[in-house]
Amino acid sequence: MTRERQGELLMLSLSVLEAWFPILSIVAMSYVGALHTYMYSLVIAFFFYMGIMYKRDRFKELKNRDAYPDLLLTTFWITTIFILIFIGLRYTTAGNMAVIVFLQVLFSYLYFNVLGKEKMDRLHLIGAIVMVIGALIILIPDTMHFNKGDWLILLASAFAPIVNLYQKRAREYCSAETILGFRTVVGFPFVAALAYFLEPTVSYEAFMSALPYIFLIATGIYVAAKIMWIEALNRISITKLSAMLALMPLFTLIFAYLYLGEVPELRQMMGILPVLLGGYLITKPSKN
């Protein structure tokens, strides 16, 4: 199996996991608040990362001083992105969040193809465009009114390709689990401080009600999916990786129907075929 195909399979797997993120987050936030949900997720993820790093003898990677500029920049941007997303989810829906986060494919193409030197061949470009069209048909609301939550998540989407770039650079020095463990430890104090000052104290009953959802967010999204993400970054281009995120909102629609009983609208059903067609084109082997 080629490295490119490995990256595509990793993206498919993490799309399934990431699709649950807005659903689980909104439920958890209803009990403990947005920033506390993020903070508790980091706490749980911390123990998993430390265990993985210890078992795989990754702590020695932190002795490489050349890795620290990219590790620190990755931590800054990813922490900022998730703070914006969690706060934004207070004011918007899971559907809006999914489509706005997906717009990072447009920012990625702008940054790395239009302004940068990373090129995508014609077939992959067509696939990316078709996937964008399908996702927009599925998720763009009837009115184009953006509330403050939408604007915060849009800002996070604009930052996403930047953090992907630094994660890809950091991966040249460190393993995926070291990158994620580092950013969890360094980013946690800032998230905890914001949660303490901006949100009310969480009761024991509320915490226990939210804990199952927080545990799934931490293990499924912040551990498994993020390791897959960094490994995929090390195998395929950032633009192609971002384009494949169109699968995530599709899975979100399916899971929201199964878990929440939300029936997709006609326009959402009409968008499924373009997403699948675009996904097929974008995963075709490159001719370069």
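## The second largest cavity

Tyr38, Leu42, Tyr49, Ile78, Thr79, Phe82, Leu180, Arg183, Thr184 and Tyr222 line the second largest cavity. A cavity is a set of points on a 1 Å grid over the protein atoms alone where a 1.4 Å probe fits but cannot get out, and lining residues have an atom within 4 Å of a point. The volume is about 90 Å³, taken as the space filled by probe spheres set on the points, which are joined across faces, edges and corners.

Helices α3 (34-55), α4 and α9 each give at least two lining residues. Helices here are DSSP runs (H or I, at least four residues), numbered from the N terminus.

## Basis of the model

This is a predicted model: local features need pLDDT of at least 70, side-chain atom pairs need pLDDT 80 or more, and totals for chains, interfaces and linings use all residues. Residues are numbered from 1 along each chain as its sequence is written, and side-chain values use heavy atoms, without hydrogens and water.

## The largest cavity

The whole structure holds three cavities of 30 Å³ or more. The largest has a volume of about 350 Å³. Of its 24 lining residues, Glu18, Phe82, Val101, Gln104 and Lys226 are the closest to its centre. Helix α8 gives the largest share of this lining, six residues.

## Helix α8

Helix α8 covers residues 148-170. Its 23 residues should span 33 Å at 1.5 Å a residue, and the end C-alpha atoms are 33 Å apart, which agrees. The expected span is 1.5 Å times one less than the number of residues.

At Phe159, α8 bends by about 30°. The bend is the angle between axes fitted to the seven residues ending there and the seven starting there. Pro161 follows within four residues.

Key
On a 1 Å grid over the protein atoms alone, a cavity is a set of points where a 1.4 Å probe fits but cannot get out, and a pocket is an open set with protein on both sides within 12 Å along at least five of seven lines; lining residues have an atom within 4 Å of a point.
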